[in-house]
Amino acid sequence: MTDKLSVKFAGVDFKNPLIPASGAFGYGREFEHFYPLSTLGGISVKGTTGTKRNGNLPPRIAETPSGLLNSVGLQNPGIDHFIKIELPNLKTKDTAIIANIAGSTADEYREIAEKLDKTDVDMIEVNISCPNVKAGGAAFGVTCEGAAQITKIVRAATSKPVMMKLSPNVTNIADIAKAVEAEGADAVSLINTLLGMRIDIRTRRPILHNNMGGLSGPAVFPVAVRMVWQVANAVSIPVCGMGGISTWQDAVEMMMAGASTFQIGAALFADPMTPVKIIEGLEKYVQDNKLNNLQEIVGTVKPW
Ligand SMILES: Cc1cc2nc3c(=O)[nH]c(=O)nc-3n(C[C@H](O)[C@H](O)[C@H](O)COP(=O)(O)O)c2cc1C
């Protein structure tokens with residue numbers, strides 16, 4: 001493995017920019033049968049809440065043309081289990097560990113961030129696409145005020161690098177990015193899933209029990225590239241791009257749009273070997289283009 005893929009991102013060393021996305025990789029156990037987790041730049045683990053959650057009722061996954069809809073509903077064992085059982089195991093894997101956190105109230109985000117601050121997790125990624133139960137269920141991340149509020153709270157609760165994960169279900173994602181940067185975020189990641197819905201025309205019922213779900217996979221890639229480009233041009237903090245990446249060419253495109261690191265979600269369901277194939281492709285790309293480091297391509301798109 002060449003160190004020409006290495007990147008220091010928000011103060012954290014990654015041996016390469018590839019990170020399996022939260023919710024698509026669990027805690028890595030299933031994937032260790034395919035390759036050592038040290039192959040990866042980092043891992044964004046399944047979203048962790050203050051207490052155990054069973055998630056939504058099934059069906060909660062539906063295939064779509066070039067993508068999938070999910071309404072898993074943040075099924076996870078809770079922050080105490082994560083810190084006691086999963087994190088010590090993950091920290092033996094020689095890869096950066098990003099704790100992805102979620103809450104239904106601002107206090108829940110604060111409590112989780114305070115607990116993680118005392119651990120050796122490398123970075124905290126904050127999912128703000130969750131419904132704010134005290135504000136009628138609208139997601140925190142769909143307004144500048146909500147996104148800024150959670151950033152401020154998490155920032156005050158930890159000295160770990162904080163990466164705010166932005167929702168694409170907004171009018172102007174660059175404004176949200178600026179709002180979280182102003183409150184001290186060290187990085188932003190985007191995009192989370194796009195709200196979608198499918199209906200079974202025989203039963204006239206939505207395919208997902210939750211009626212709506214989040215769309216991801218290749219279908220959302222052009223939307224993600226556009227949003228990463230807009231955000232990278234609006235803020236000075238680094239950007240982690242995701243949404244539909246499934247090949248090394250997609251990763252190069254996302255980096256040219258402005259992402260210094262990137263995450264892979266839905267593609268892992270289609271082919272668990274995707275990360276290995278992408279890293280190999282990027283190593284060859286660096287060699288063929290005589291780059292000293294892959295970071296040289298970040299944000300190099302030449303707009304018309
Ligand atoms: C089954 C599934 C579960 C997910 N769970 C989470 C989660 O717990 N926290 C989070 O921030 N994002 C979650 N996501 C969103 C992904 O991390 C990612 O932002 C999104 O899927 C776009 O990337 P992709 O097109 O490569 O899948 C989930 C996505 C899928 C498909």
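**Sheet order and helix packing**

Strand E3 and strand E16 (residues 261–264) run parallel and are joined by three bridges. In this pairing, Pro 20 stands opposite Ile 264 of E16. The model is predicted.

The E3–E16 pair belongs to an open sheet of eight strands. The strand order is E3-E16-E15-E10-E9-E8-E7-E4, and the pairing is parallel. E3 (18–20) and E4 (42–44) are the edge strands. Each has a single partner strand, so one side of each is left without a neighbour in the sheet. From one strand to the next, the twist averages 25°.

Residues 221–232 form H5, which lies across strand E10 (187–190) and strand E15 (239–241). The helix runs at about 175° to E15.

A helix pair was also examined. Helix H3 spans residues 144–157, and helix H4 spans residues 173–182. Their axes come within 8 Å and cross at roughly 30°. Angles under 35 degrees count as roughly parallel. H3 and H4 are therefore roughly parallel to each other. Their crossing is right-handed.

On the H3 side, the contact is made by Cys 144, Ala 147, Ala 148 and Thr 151. H4 contributes Asp 175, Ile 176, Ala 179, Val 180 and Ala 182. Seven residues of this H3–H4 contact are nonpolar, one is polar and one is charged.

Technical notes. Residues numbered from 1 in each chain as written. Predicted model: local features only at pLDDT ≥ 70, side-chain atom pairs only at ≥ 80, totals over all residues. Pairing = 2+ DSSP bridges. Helix = DSSP H or I, 4+ residues; strand = E, 2+ residues; numbered from the N terminus. Axes fitted to C-alpha atoms, helices over the stretch in contact; angles between N-to-C directions. Contact = placed C-beta atoms within 7 Å. Parallel < 35°, antiparallel > 145°, perpendicular 65-115°, else oblique. Left-handed = near helix turned anticlockwise from the far one by under 90°. Nonpolar A, V, L, I, M, F, W, Y, C, P; charged D, E, K, R; others polar.
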